[in-house]
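Hi,

Here is the structure I promised to pass on. Have a look at it first, and then read my notes below.

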Amino acid sequence: FPDPWHKKRHHKRRIVQPRFLELCSDRLARGGAMHIATDWANYAEHIDEAFADSPHFHCVERREHDGDAPLDRPVTKFERRGLRHGHRIVDWLFEKNDL
């Protein structure tokens, strides 16, 4: 659950950016995985676009749910708070590409 930096002027501070994905790819072993989740619809769109533009990763699974079907990961306090506010959760599992 990375910080969504929901104000438009702060979007540049979001951690899911091309440079971050390059760095993760460099550090992950071949076939390594990244799990990401958010309860902000706008950030979910941003994450979808960032990974779609990245040659380093492919999406293994994307799941949208109301807290009832998370991917295999711990539930966070941010997830519980988002669910209390009526937000839907989007979960991804990305895997590093063999380049």
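I'll start with Trp40: leaving aside neighbours within four places in sequence, Trp40 is in contact with Pro4, His6 and His87, where contact means heavy atoms within 4.5 Å. Before going on, a word on the ground rules: this is a predicted model, in which local features need pLDDT of at least 70 and side-chain atom pairs count only at pLDDT 80 or more, while totals for chains, interfaces and linings use all residues. Residues are numbered from 1 along each chain as its sequence is written, and side-chain values use heavy atoms, with hydrogens and water left out.

Back to Trp40. This residue sits in the loop between strand S1 (33–38) and helix H2 (41–52); helices (H or I, at least four residues) and strands (E, at least two) are DSSP runs, numbered from the N terminus. Trp40 has a relative accessibility of 34%, so it counts as partly exposed. For the cut-offs, buried is under 20% relative accessible area, exposed is over 50%, and partly exposed is in between, with a 1.4 Å probe and protein chains only.

A pocket here is an open set of points on a 1 Å grid over the protein atoms alone, where a 1.4 Å probe fits, with protein on both sides within 12 Å along at least five of seven lines; lining residues have an atom within 4 Å of a point. The space in the largest pocket comes to about 250 Å³, that volume being what is filled by probe spheres set on the points, which are joined across faces, edges and corners. Helix H3 (residues 77–84) gives the largest share of the lining, three residues. Sorted by class, the lining has five nonpolar, five polar and three charged residues. In that sorting, Ala, Val, Leu, Ile, Met, Phe, Trp, Tyr, Cys and Pro are nonpolar, Asp, Glu, Lys and Arg are charged, and the others, Gly among them, are polar.

Leu83 is in helix H3 too. Its relative accessible area is 29%, which makes Leu83 partly exposed. Not counting residues up to four places away in sequence, Leu83 touches Asp66, Gly67 and Ile89. The C-alpha atoms of Leu83 and Asp39 are separated by 7.8 Å, although the two are 44 residues apart along the chain.

Now the segment before helix H1 (18–27), where you'll find Trp5. Trp5 has a phi near 40°, a positive value in a residue other than glycine. With a relative accessible area of 29%, Trp5 is partly exposed. Ile15 lies in the segment before H1 as well, and is partly exposed at 42%. Beyond residues up to four places away in sequence, Ile15 touches Pro2, Phe20 and Tyr43.

What about the aromatics? The structure holds three aromatic pairs. Phe51 and Phe57 have ring centres 5.6 Å apart and planes at 75°, so that pair is edge-to-face. Both Phe51 and Phe57 are buried. For Trp92 and Phe94, the centres are 6.3 Å apart and the planes at 15°, so the pair is stacked. Trp92 is buried at 1% relative accessibility, and Phe94 is buried at 3%. Phe51, Phe57, Trp92 and Phe94 form one aromatic cluster. The rule is that rings of Phe, Tyr and Trp (its six-membered ring) pair if their centres lie within 6.5 Å; planes under 30 degrees apart are stacked, over 60 edge-to-face, and the rest tilted.

Last, the chain as a whole. There are three helices and three strands, in the order α-β-α-β-α-β along the sequence. The radius of gyration is 13 Å, which agrees with the value near 13 Å for a compact globule of 99 residues; it is taken over C-alpha atoms, and the globule rule is 2.2 Å times the number of residues to the power 0.38. Buried residues make up 36% of the 99 residues. Of the contacts with a separation of 6 or more, 72% come from residues 24 or more positions apart.

Cheers
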